[in-house]
Amino acid sequence: MSFNQRVAVTIPILWLCFVLSISFMEAWLKFQAEGVTQVIGLSIGRLVFGVLNKVELFFMIVILISTLKAYGYKINKTLKTILISLLIILLAQTFYLLPMLDQRAVMIIDGTISDSTYLHFITFF
């Protein structure tokens with residue numbers, strides 16, 4: 001297995017670990033800590049998820065480059081479909097979902113809105 005193939009396999013695993021640990025541990029555990037208010041938790045969440053998104057974009061670029069170097073333009077249809085799907089999901093998250101969640105968090109921090117929303121449910125799909 002070439003270096004680029006190893007990178008193309010390792011980075012998605014690392015990416016998955018980042019997402020699972022932040023989304024399923026950090027995101028809700030911070031609100032369990034003593035003294036963490038909703039405003040503090042949302043401020044931390046905005047920071048963490050903003051950085052996570054930048055890391056995800058970096059991982060996607062590394063995956064695309066290493067896959068192209070490893071396989072050239074002879075990528076099989078399944079791998080191509082997976083890469084395109086990941087890219088579409090990541091771009092939708094970056095330019096649609098995260099800005100909406102960020103705007104909502106700012107509104108809650110400012111005290112201008114407090115009703116529930118369906119947006120967090122979308123992040124699981």
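The model is predicted, so local features need pLDDT of at least 70 and side-chain atom pairs count only at pLDDT 80 or more, while totals for chains, interfaces and linings use all residues. Residues are numbered from 1 along each chain as its sequence is written, and side-chain values use heavy atoms, with hydrogens and water left out.

Start with the rings. A pair of aromatic rings is described by the distance of the centres and the angle of the planes. Here, rings of Phe, Tyr and Trp (its six-membered ring) pair if their centres lie within 6.5 Å; planes under 30 degrees apart count as stacked, over 60 as edge-to-face and the rest as tilted. The structure holds 3 aromatic pairs. One of them joins Phe18 and Phe59, edge-to-face, at 5.5 Å centre to centre with 85 degrees between the planes. This pair bridges distant parts of the chain, 41 residues apart: Phe18 sits in helix α1 (residues 3-29) and Phe59 in helix α2 (residues 38-71). Helices are DSSP runs (H or I, at least four residues), numbered from the N terminus.

Buried means under 20% relative accessible area, exposed over 50% and partly exposed in between (1.4 Å probe, protein chains only). Phe59 also pairs with Phe58; their ring centres are 6.2 Å apart and their planes at 45 degrees, so this pair is tilted. Ring pairs tie Trp15, Phe18, Phe58 and Phe59 into a cluster.

Phe59 and Trp15 turn up again in the largest nonpolar core, whose 9 residues also include Val7, Ile11, Met60, Val62, Ile63, Leu83 and Leu90. Such a core is a set of buried Ala, Val, Leu, Ile, Met, Phe, Trp, Tyr and Cys residues joined through side-chain atoms within 4.5 Å. Helices α1, α2 and α3 (77-110) each supply at least two of its residues, with the largest share, 4 residues, coming from α2. Val62 touches Val7 and Ile11, leaving aside residues up to four places away in sequence; contact means heavy atoms within 4.5 Å.

As for α3, its buried residues include Leu83, Leu90, Thr94 and Leu97. The helix bends by about 45 degrees at Gln93, the bend being the angle between axes fitted to the seven residues ending there and the seven starting there. Just after α3, Gly111 takes a positive phi of about 80 degrees.
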